[in-house]
Amino acid sequence: MLTLGINGAAGRMGKTLVQACVEDERTRLGAAFEASAADSIGRDAGEVAGVGATGVIISHDLESQCRDFDILIDFTVPECTMRSLDSCRRHGKSMVIGTTGLDEHQVQELQQASEDISIVYAPNMSVGVNVCLKLLQVAADTLRDDYDIEIIEAHHRHKVDAPSGTALRMGEVVAERLGRKLADCAVFGRHGHTGKRDRKTIGFETIRAGDIVGEHTVMFSGEGERIEVTHRASSRMNFARGALRAAAWVSGRGPGLFDMRDVLEI
């Protein structure tokens, strides 16, 4: 049985991960972590998640508890993830990382750490989203430069980064297939007199409202037709189950940096 550690165990995604871990017969919860100032420190992770007592007490000291798990799942914030990465690298523990908002330097740190440990890093662990990424490759290969491309994403009011990591990954996938660099062609929102649209750009629009779990639409608009690839998440559980699938896949593998396309073999 695979023993998991969950970072950010009292957050919205962390609670869902704890629930998924408890419900899955292939896994057991070995450790749970939160920030040192969190009210949940010292409480049972299962009770915090609403799934009953697990005997695993939420701690802030990941460094001293690396022996209590095989793989750490981390859906927190970049600074916290980097601290976790440092501990896991020293102790030879694999990681599944769903944290969004990592900058270029932090991604380089992941690449360096993957020389010593195995890491699955993906801005979205949903199986459905990763199928959408494959569909976007097909669409971009076929439609080429004859269509305007816009990416619209919506999330709950508490999400702190924009556009979402998933939206950016969708843009990267499309840009790569069209021979472009997203950094050179992305347009983030529009206001005022913007002039005629450049077809070589990829537009992004962001919505933050209410309790929206996550919605992404990539729109290919041509003359007389529009193709849309859309994913709507109605529950965080699909992200959690994807993370557990990634953990099972990466278990026992040698060092390397992988993503969900590796896990799903697409």
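Biologist: Which residue caps the N-terminal end of α5, and how should I read such a cap?

Modeller: A polar contact is a pair of N or O atoms within 3.5 Å; within protein, one must be able to donate a hydrogen and the other to accept it, and residues adjacent in sequence count only if both atoms are side-chain atoms. Here Ser 126 is the cap, with a side-chain oxygen 3.1 Å from the backbone nitrogen of Gly 128. This is a predicted model, in which local features need pLDDT of at least 70 and side-chain atom pairs pLDDT 80 or more, while totals for chains, interfaces and linings use all residues. Residues are numbered from 1 along each chain as its sequence is written, and side-chain values use heavy atoms, leaving out hydrogens and water.

Biologist: Is Trp 249 buried or exposed?

Modeller: Buried means under 20% relative accessible area and exposed over 50%, with partly exposed in between (1.4 Å probe, protein chains only). Trp 249 counts as buried because its relative accessibility is 16%. In α5, the buried residues include Val 129, Cys 132 and Leu 136.

Biologist: How many aromatic pairs are there?

Modeller: Rings of Phe, Tyr and Trp (its six-membered ring) pair if their centres lie within 6.5 Å, with planes under 30 degrees apart stacked, over 60 edge-to-face and the rest tilted. That rule gives three aromatic pairs. Trp 249 and Phe 258 have ring centres 5.1 Å apart and planes at 80 degrees, so this pair is edge-to-face.

Conventions. Helices (H or I, at least four residues) and strands (E, at least two) are DSSP runs, numbered from the N terminus.
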